[in-house]
Amino acid sequence: MKTLPLSLALLTALSIAPAFAATPIDETRALDPRGSIDVSNLKGRIQVRAWDRPEVRITGSLGDGVERLQIEGDRSSLEVEVRYPRNGSRAEATTLILNVPQMATLDIEGVAVDIDVQGVAGSSLDIESVSGDIVAVGAPREADISSVSGNLQLNLNSHKVDVESVSGNIALRGRISGEIKAETVSGDIRVDTRGEPARRLDTSSVSGSASYVGGLAEGGRISAESVSGDIRLTLPKSLSARVHGESFSGGLSAPGAAIDKPRYGPGSSFEHTYGNGAGEIRMETFSGRAELVLE
Amino acid sequence: MNDNRHDQDMPAALRMQLRALRTPEPPARELWPDIAARIAAQPQAAAAAPHRRTRLFPAIAAAAVLALAIGVGWQLRPPAAEPAQASATAAPAAPSAPLVIVADAMTREYRGALREVPAPRLATPGYDSLLELDASAAAVRDALVQAPDSVFLLQRLQHIHARRLALTRQLASA
């Protein structure tokens, strides 16, 4: 019986052996405060934190079976890439932890990688992943973020944001005064500009629902489309816009608007003007419910 | 990051033509009083000629729209020798609406492009999303059959196909 605990301990030690096989990373390179950095990793995690030094520090661990960590470039532009062998499917996950200048331009690509970026405020932030979740908090002027099945949790104060997923949910918050484009297939879209009036908002989905809470800039435009997902736009009572809603078999509602339905056959629509009608809002769904709420 | 996105979009000319189909063009002024006055002024027997002309214009317009859609569909058709693959999104029983014809031609075109890409392995991260995109394309195509003048459904279908092709390429190279 005494051999059982010993065996269990041995098994446990063997099972965590790959973790010890990972190679620690500790690299530092100079980078201009507004330089650019590209990061790619197929499997594992990428974590980025902004700091106020003109350099990039890379720590973390290379997974067992990974070929090497490749760092190329100069002070203005750096590329950090985890290189896998030709048949690298058995390689262990790699964790990259980067500290980058706050105003750096950042481009991150991953496949099965969770990505967490906080504090950057450069001219652009591009993130692309397939199955990993993405968390981003910062103030890049422009952000272009996409995943396939991972969820997007974004808190951005930006001028222009473009987000896309297939089945992952998108939650976007932040003071965004310019253009927002959000697109999914089955994932839900939640956009909240914290009262900031967006100049342009486009949402589209197939079965995912979409909601927007925020304002509309003078003369701004909102377009929300879905096939079967619900649409809900929540705008201030001071809204000034011409609003058009259209549905084939779903429902439509907007304060004060008369919904037109043909006497025979499917379909419903409405046109209604709020305030001076300076902006334009269009909601279109095939079988979902499209709703405008003023509060 | 998404530089290829616009390249894979529907050709601009086609997009503009399809958009034009749904744009109503109301007359600059109320025409009915003049028409009614002319009808009243015509002898009963002669009234038939202008009546036929007024019905001719919508018929010509409808024929033009149909010809445009069929033309677009013809341009997008697959080579005759290529076997048509049964699928959830193509091969309708009787696709009569112009946009459905375009949708099915477009679907066949994208399927042809997909055959040029190595199939990703089942274990590849994101593979399930390919199946989800296929199911979504089928759902949108079904919706288009029910609402055959919905340009936004056709655009959505095109975008799903483009995403499917781009993702397949991405996963195949991963």
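Modeller: Start with strand E7 (residues 105-118) of chain A: 10 of its 14 residues are buried, so E7(A) is largely enclosed by the rest of the structure. A residue is called buried if 20 or more other C-beta atoms lie within 10 Å of its own, exposed if 12 or fewer, and partly exposed in between, with C-beta atoms placed from the backbone. Strands (E, at least two residues) and helices (H or I, at least four) are DSSP runs, numbered from the N terminus.

A word on the source. This is a predicted model, in which local features need pLDDT of at least 70 and side-chain atom pairs count only at pLDDT 80 or more, while totals for chains, interfaces and linings use all residues. Residues are numbered from 1 along each chain as its sequence is written, and chains are lettered from A and ligands numbered from 1 in the order in which they are written.

Now the partners of E7(A). Two strands pair if DSSP finds at least two bridges between them. Strand E2 (residues 36-51) of chain A runs parallel to E7(A), and 13 bridges join them. One place to look is A:Gly44, whose bridge partner in E7(A) is A:Val113. Strand E8 (residues 124-128) of chain A is also parallel to E7(A), with four bridges. There, A:Glu109 has A:Glu128 of E8(A) as its bridge partner. Strand E9 (residues 134-138) of chain A pairs with E7(A) too, again in the parallel sense, over four bridges. Find A:Val117: opposite it, in E9(A), stands A:Ala136.

Strand E16 (residues 210-226) of chain A pairs with E21(A) in the parallel sense, over six bridges. A:Ala224 has its bridge partner, A:Met283, in E21(A). Strand E18 (residues 241-247) of chain A is parallel to E21(A) as well, and seven bridges link them. In that pair, A:Arg242 is bridged to A:Glu280 of E21(A).

A:Arg194 is not a glycine, but its phi is positive, near 55 degrees. A:Arg194 sits in strand E15 (residues 189-205) of chain A. It has 13 C-beta neighbours inside 10 Å and so counts as partly exposed.

Turn to chain B. Chain B has seven helices and zero strands. Of its 174 residues, 28% are buried. Residues are in contact if their C-beta atoms, placed from the backbone, lie within 7 Å. Among contacts in chain B with a separation of 6 or more, 78% join residues 24 or more positions apart.

How do the helices pack? Two packed helices are described by the angle between their axes and the distance between the axes. Axes are lines fitted to C-alpha atoms, for helices over the stretch in contact, and angles run from 0 to 180 degrees between N-to-C directions. Helix H5 (residues 98-115) of chain B and H6(B) pack at about 160 degrees, with axes 9 Å apart. That angle makes H5(B) roughly antiparallel to H6(B), a term for angles over 145 degrees, with under 35 roughly parallel, 65 to 115 roughly perpendicular and the rest oblique. The contact joins B:Leu99, B:Val100 and B:Ala103 of H5(B) to B:Arg141, B:Leu144 and B:Val145 of H6(B). By class, the residues are five nonpolar, no polar and one charged. Ala, Val, Leu, Ile, Met, Phe, Trp, Tyr, Cys and Pro count as nonpolar, Asp, Glu, Lys and Arg as charged, and the others, Gly among them, as polar.

H6(B) also packs against H7(B), at about 165 degrees, with axes 9 Å apart. These two helices are therefore roughly antiparallel to each other. Their contact has 13 nonpolar, four polar and five charged residues.

Last, the chains meet. In all, 22 residues of chain B are in contact with 24 residues of chain A. On chain B, the elements that give two or more residues to this side are helix H6 (127-146) and helix H7 (151-173). H6(B) gives the largest share, nine residues. The side of chain B that touches chain A divides into 12 nonpolar, six polar and four charged residues.

Key:
Contact = placed C-beta atoms within 7 Å.
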